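The following paragraphs go through one protein model, from single residues to the whole chain. Keep the sequence and the coordinates open while reading.

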Amino acid sequence: MNRSLPLITALAFCALFTSSTPSALAKPIAPTFSREIAPILFTHCATCHRPGEVGPFPLLTYEDARKRAKTIVAAVEKRLMPPWKAAPGLVAYHDDPRLSDAQIALIKEWAATSAPEGNRAELPPLPKFTTGWSLGEPGLVLQADQEFTLDADGRDVYQCFVIPTKFTEDRYLSALEVRPSNRRVVHHVVAFTDTTGKGRERDAATPEPGYRTFGGPGVPGAQWLEGWAPGKSPRHLPAGHGMFVPKGADIILQVHYNKTGKAETDLTKIGFHFVKGPVDKRVRIHTHAYPGLNIPPGNAHYNVTNTYTVPAGVTVLAVWPHMHLIGRSMNVEATLPGGTKQPMVTVPDWNFNWQLGYHFKEPLKFPAGTKIQLTAQYDNSTNNPANPSHPPKAVRWGEQTTDEMCIAFYAYTVDAEHLAQGIAASGMSRGGGGNREAMTTLMQEALKLFDKDGDGKLNDAERAEAVKAFQERFGTKKK
Ligand code: HEC
């Protein structure tokens, strides 16, 4: 690392003079693979780009890197790699894998000077990668009861496996580790808890292990537990904090698989690390959703904004933005009661493939009355290569590939809650509720959802649809 410092200084120095001085005069020594490039690839790329991992080719040797120098430059310059969609500089996150501007400049310089290998004696050793559970043996390991077989070709698959916990009491986890058996195909994983039994029903209705969905678990009422993507190292919650797994819950494990061109199998394991000692703080998930989407075909700049008012003092640990294919950008920012702005996440260039969560290095303290503003933009035009509909069609909230979502999930604790002292608190309510203003917004959003002709009220047919949807969802009448 130190070795590259003089070179970066030289580069910066050179940049100062390039406008007036012929660059040949101040030309720095060209970076080599062994000295400058390998350390970057080993730290930032090899977690995924090595045999048996999700990266489509290894980046471990000089030959691996040399033959791909051009595509590597393209991928790092556009910051497509390493995958990380949050804009930098707003707030610090754990495990931020981004390359610095200087590292990107080195890679470009190296590729432009015909990608030399340099002196092999300077090559650092390959990093040691953990193959087992990285937090040690979990208290409980669960998996689906059967291996899943993935076809060779076609679209990515989002398969939900339903795994009973058989817990006879509520449990708290300090960490959840995910270990795919076939890391080449597992792109990301989200674990939900389900106490409704609906996940089991859906599983039983299909012959293969699990059932197929697109953006979410496909079961209303399932609660987000934890998300994982390759490269994410699991970490324990702070002492006394726990993720809640209710008694009798099933885990719905949604696995995003990408295909490799040949049939593959996988059986992803999850490891529960239980909280040791008393639990004082329950880590809850708030779903800040804007369900009122109604995106006209052809609209390249469809904007939505929704504000959620925090009902009681909370501490926010992480944020997960979630949209589907035609989402373009999302911004989540809080305004504290005194007017101070607290950025949470900005994803300027959304990519459905990378459903990443962002864990704050310093958890954010939000007093009651803090307003969290969620802003999202969608591109429903033909120019959007990610648009699944050709020609574009009107897009509303839903679970299908051609539907959209607009959610920011917040992992948080309630400041007044101290379970160890017997002081329980209730969490923030779903969907922007929590106060009358927010309830009104929710009702208006619900109205928009069924108001297909957009006249601001429900006609008979629209009302019938709404009643049907309500019954299907809340089961007041058997289908
Ligand atoms: C978290 C895992 C992960 C990390 C870390 C990662 N990659 Fe990738 N990379 C992938 C996956 C998966 C793909 C396949 C395309 C996709 O899913 O986006 C890919 C694709 C690529 C491609 C091909 C892009 C194309 O246009 O086809 C290049 C080049 C690449 N990665 C380079 C890098 C470099 C260089 C780094 C480090 C600076 C890196 N990757 C870090 C997972 C990763």
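A residue counts as buried here if its relative accessible area is under 20%, as exposed if over 50%, and as partly exposed in between. Asparagine 306 has a relative accessible area of 6%, so it is buried. The model that gives this value is a predicted one. Asparagine 306 belongs to strand β14, which covers residues 302–309. Its side chain makes a polar contact of 2.8 Å with the side chain of histidine 288.

The protein chain as a whole has 479 residues, and 47% of them count as buried. Its secondary structure consists of 9 helices and 21 strands. Among contacts between residues at least 6 apart in sequence, 79% join residues at least 24 apart.

The coordinating atoms are NE2 of His49 and SD of Met81, at 2.0 to 2.3 Å. The site has 6 donor atoms with angles of 85 to 180 degrees among them, and its geometry is octahedral. Histidine 49 sits in the loop between α3 and α4 (62–66), and methionine 81 in the loop between α5 (69–77) and α6 (101–112), so the pair ties together parts that are 32 residues apart in sequence. Are these two residues buried or partly exposed? Histidine 49 has a relative accessible area of 10%, so it is buried. Methionine 81 comes to 32% and is therefore partly exposed.

The helix α3 spans residues 33–44. It is mostly covered, with 10 of its 12 residues buried. Among them are Phe33, Arg35, Glu36, Ile37 and His44. Threonine 32 is placed in the loop between α2 (23–26) and α3. Threonine 32 is buried because its relative accessible area is 10%, and the limit is under 20%. Apart from neighbours within four places in sequence, threonine 32 is in contact with Ile37, Trp110, Pro116, Glu117 and Gly118.

Next come the aromatic rings. A pair of such rings is described by the distance of the centres and the angle of the planes. How many aromatic pairs does a search of the whole structure find? The search gives 19. One of these pairs is formed by phenylalanine 148 and tyrosine 257, which are stacked at 5.3 Å centre to centre with 20 degrees between the planes. Phenylalanine 148 lies in strand β2 (residues 148–150) and tyrosine 257 in strand β9 (residues 250–257), so this pair links parts that are 109 residues apart in sequence. Both phenylalanine 148 and tyrosine 257 are buried. Elsewhere, Trp84, Tyr93, Tyr358 and Phe360 form one aromatic cluster.

Charged groups also sit over rings. The charged end of arginine 50 is over the ring of phenylalanine 129, 3.7 Å from its centre. The charged end of arginine 282 is over the ring of phenylalanine 244, at 3.9 Å from the centre.

The last stop is glycine 199, which is found in helix α7 (residues 198–204). Its relative accessible area is 0%, so glycine 199 is buried. Leaving out neighbours within four places in sequence, glycine 199 is in contact with Val162, Asp194, Tyr211, Val219 and Ile252. The C-alpha atoms of glycine 199 and glycine 218 are separated by 8.0 Å, and the two residues are 19 residues apart along the chain.

Notes: Residues numbered from 1 in each chain as written. Predicted model: local features only at pLDDT ≥ 70, side-chain atom pairs only at ≥ 80, totals over all residues. Heavy atoms only, no water. Helix = DSSP H or I, 4+ residues; strand = E, 2+ residues; numbered from the N terminus. Buried < 20%, exposed > 50% of the residue type's maximum accessible area, 1.4 Å probe, protein only. Contact = heavy atoms within 4.5 Å. Donors = N, O, S within 2.8 Å, 3.2 Å for Na, K, Ca; no water. Tetrahedral: all angles 85-135°; square planar, octahedral: opposite > 155°, others 65-115°. Phe/Tyr/Trp six-rings, centres within 6.5 Å; stacked < 30°, edge-to-face > 60°. Lys NZ or Arg CZ within 6 Å of the ring centre and 35° of its normal. Polar contact = N/O pair within 3.5 Å; in protein donor to acceptor, adjacent residues only side chain to side chain.
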